[in-house]
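Here is a friendly walk through one model, written to be read with the structure open beside it. Please take a look before reading on.

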Amino acid sequence: RWPPLLVFASWLLSIIVPAPAWAASEPTQAEVGDAMAAATRAMVAYKAADYETAANEGRKAVVVLGPALDWDPDSVGVLLGITVDSMVKLGRNAEADALLREAQASGARIGSSPEPPADPKDPATPTTPDARAAQHAGQAMLAFIDGRYDPAVREAEAAIAVLEAERPNAPELFSYRTLLAGLYQARLQYDEAEGLLQRNLDEAAAGGNDLQLHGALDALASLRVTRGELDEAEALHRRALELATRLGTPETRASSLRGLAAVDMARDQPEAAIDRLEQALALQESRMEVGAMHLLGPLSALGNAYEEAGRFDEAEPMLARALAIAERTFGLSSPVGWSIRSEQGRLYRSMKRYDEAIAVFEAVLREQEAKLAPSSASIGATLNHLAETLWAKGGAPARTIDLAARAAELQEHNIVQVIASGTEPQKRAYLERYVSGTDRIISYHVGSVPSDASAARLAVDTILRRKGRVLDAVSGQQQAVRERLGGSDREAFDRLREARGQIAMLVLRGPDERLGVDEHRTKLAALEAEVVTLEKQLATVDAVALEAERIELDAVQAALPEDSVLVEIAAYRPFDVHYESFASAFGPLRYVAYVIHAEGAPILVDLGPAAVIDEGVTALRRALANPRSDVHGLARRLDGLVMEKIRPHLGRHERVFLSPDGQLNLVPFSALVDERGRYLVETLEIDYLSSGRDLMRLRAATSRATSSPVLVGSPEFSVAGAAAAGPAPSRRSADMSDQMFRPLPGTRAEVEAIGETLEGAL
């Protein structure tokens, strides 16, 4: 479909209605394909203010697509509008007039709109509700293209508010809600998106508009798939399919079949998906629509389903057809071309044609690095694909680790932007995307190159970052920091969050037909430079400085107090790089520990299956809650599963900073019993951390301390306070004035011991 921006925001010079064909003979498929490619180039050039290209390519396209598409106003009308406007901007007025006369001579009726859609950049305010709403929607699309999602949402909300206040039954409300729901989904705000789509569904059902109802059902069902609510998604798609059957239109039925196929794929049922996708493709091919763009999605989806089912010989021709369409319309070196080629690379990897897969990924990577911003998520995905293929082929650990490390660095950069600017649900949804990547990195070290120091460093860096960023996601620290700031610092902090949000969304979305590769790279570079400037301005704000600081092994080792060791435990799913089906690629959960000293490489300790350890955790916790249980025996058993394997690597250090994971977060490690029958509290000083990254924060806080700590303890309950002589203040608690409290044994000694420890540390 044509870019929504040009539907909402372009200022068309005229209104085109369906009319007889322009040319005497119907264009060939090849001519239509060339014209669609020219139309795409014209759209992209017009957005980039390259009016020469927009005028020339638009002229080529409109004379073919006008008659071929029966003057569809949302496609040919927009194309004619930008072509004529480009000519006018270049001073080619006579050529613009001639093009309009040709269109009119073809039989198309060209007339003036009562009030044409306004240019969103024009400060003049339209007078009618429809025009004002259209202007807000256009501004929303412009902001969306720029990655400014907060303004985009505000403008889309304003478009809806205008019509709901003045024209509550306006049909455009359906489209504007869909637009706003799409923006919410791009920001991972699924609850807000669902509310809008549900309202569309309710109103379409009440209004009896079956075509609109079908679209509402499919849109809401797709959101349910994204959220993992597969039963609800299936029910909605089935309702849509029944409705599409009654409507009798191939495209609606094909859409619902593809939706149900997406549910099948999410359930790891590729064969069921293949049956639906084959039907959908046949329906799409029966539409007799000129060109082949409408086949791109079905072919790609079917190729991927064939691959997932292991039907490689059938997958290959599907992806080849999809790539041919993408090449003719967008070019091989384009976001669409890269996507289809990457799908081919993954297919070759699954077929164990590793050299072919590597060649594909290397070519795509070269092109992406030449054209895209360095922080592009597409580059990160290609790096990971190439690393995994090299891993599967074997024999190149150094390059595999280098590629995976580059991808991890890029992902960490992008995670920081989301964590710093998003809501808690957004952060959690975004971080969930990287769980499988963490599992792969740990699996590569543990299962393939356990003695490789570089692989160990990459695994530890990844664990430190993921644990640390999860903590950032749920801590609410950003809002607390903002509330402490004032004046220019608060303004700079707000702009920093907004700029990081723009970066996150631009990276997530990548370049597309609305935002060209060059413009995408330029916008990202400008935003990242602004973020660096703002971070320097706010360098004295702890949270900002620590957020910008790199989380990596060297920094954590430098923060380790003297005579201490860090034990970082992680739960992960072992990844089988030679999987036959991705659904079975990850094995049952296991635990791994990395023992980290102030110097040297991390020491790997494979703790084994999580099920056995978690069972031991559950048994010990139940025993601790029951005084009659054999706590000693259960504590010894769990120690044998975990700490007994770790202790030989602690050296002579008695102070242990411990960062557990999974069910081990619930264990009081000091209560475990070693092989000599001693509780660990007798032999080790254990400090718990959410992540080893916490050591960096503790060091920073200590280095900025301006006064010595004050310890309060061992109160003298029998000494009357200064307020005792006056009337007792009213209290909501129970009256305890006649109660006697004796000193707590050992409290004074405990406070003094803590004081001595702190004095030595400071």
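## A loop residue to start with

At 46% relative accessibility, Asp-268 counts as partly exposed, where buried means under 20% relative accessible area, exposed over 50% and partly exposed in between (1.4 Å probe, protein chains only). Asp-268 sits in the loop between α12 and α13; helices (H or I, at least four residues) and strands (E, at least two) are DSSP runs, numbered from the N terminus. The phi of Asp-268 is near 60°, a positive value in a residue other than glycine. Most residues other than glycine have a negative phi.

Lys-352 also has a positive phi, about 65°, although it is not a glycine. Lys-352 belongs to the loop between α16 (335–350) and α17 (354–371), and with a relative accessible area of 40% it is partly exposed.

## About the model

This is a predicted model, in which local features need pLDDT of at least 70 and side-chain atom pairs count only at pLDDT 80 or more, while totals for chains, interfaces and linings use all residues. Residues are numbered from 1 along each chain as its sequence is written, and side-chain values use heavy atoms, with hydrogens and water left out.

The protein chain holds 32 helices and 7 strands. Of its 762 residues, 47% are buried. Among contacts (heavy atoms within 4.5 Å) with a separation of 6 or more, 67% are between residues 24 or more positions apart.

## Helices α12 and α13

Axes are lines fitted to C-alpha atoms, for helices over the stretch in contact, and angles run from 0 to 180 degrees between N-to-C directions. The crossing of α12 and α13 is left-handed, meaning that the near helix is turned anticlockwise from the far one by less than a right angle; clockwise would be right-handed.

Residues in this contact include Leu-257, Leu-260 and Ala-261 of α12 and Ala-273, Leu-277 and Ala-280 of α13. The contact residues of α12 with α13 divide into 12 nonpolar, 2 polar and 5 charged; here Ala, Val, Leu, Ile, Met, Phe, Trp, Tyr, Cys and Pro count as nonpolar, Asp, Glu, Lys and Arg as charged, and the others, Gly among them, as polar.

Glu-251 is in helix α12 and is partly exposed, at 38% relative accessible area. Glu-251 and Leu-281 are 30 residues apart in sequence and 9.9 Å apart in space, C-alpha to C-alpha.

## Helix α10 and its neighbours

The axes of α9 and α10 come within 8 Å and cross at roughly 155°, which makes α9 roughly antiparallel to α10. Their crossing is left-handed. Among the residues making the contact are Leu-197 and Leu-201 of α9 and Leu-213, Leu-217 and Leu-220 of α10.

Buried residues of α10 include Leu-213, His-214, Asp-218 and Arg-224. The buried residues of α10 pack against α8 (172–186), α9 (190–207), α11 (230–247) and α12.

## A buried threonine

Thr-83 is found in helix α4 (residues 73–89) and is buried, with a relative accessible area of 0%. Leaving aside residues up to four places away in sequence, Thr-83 touches Ala-54, Ala-55, Gly-58, Arg-59 and Leu-99.

How values were computed. Angles under 35 degrees count as roughly parallel, over 145 as roughly antiparallel, 65 to 115 as roughly perpendicular and the rest as oblique.
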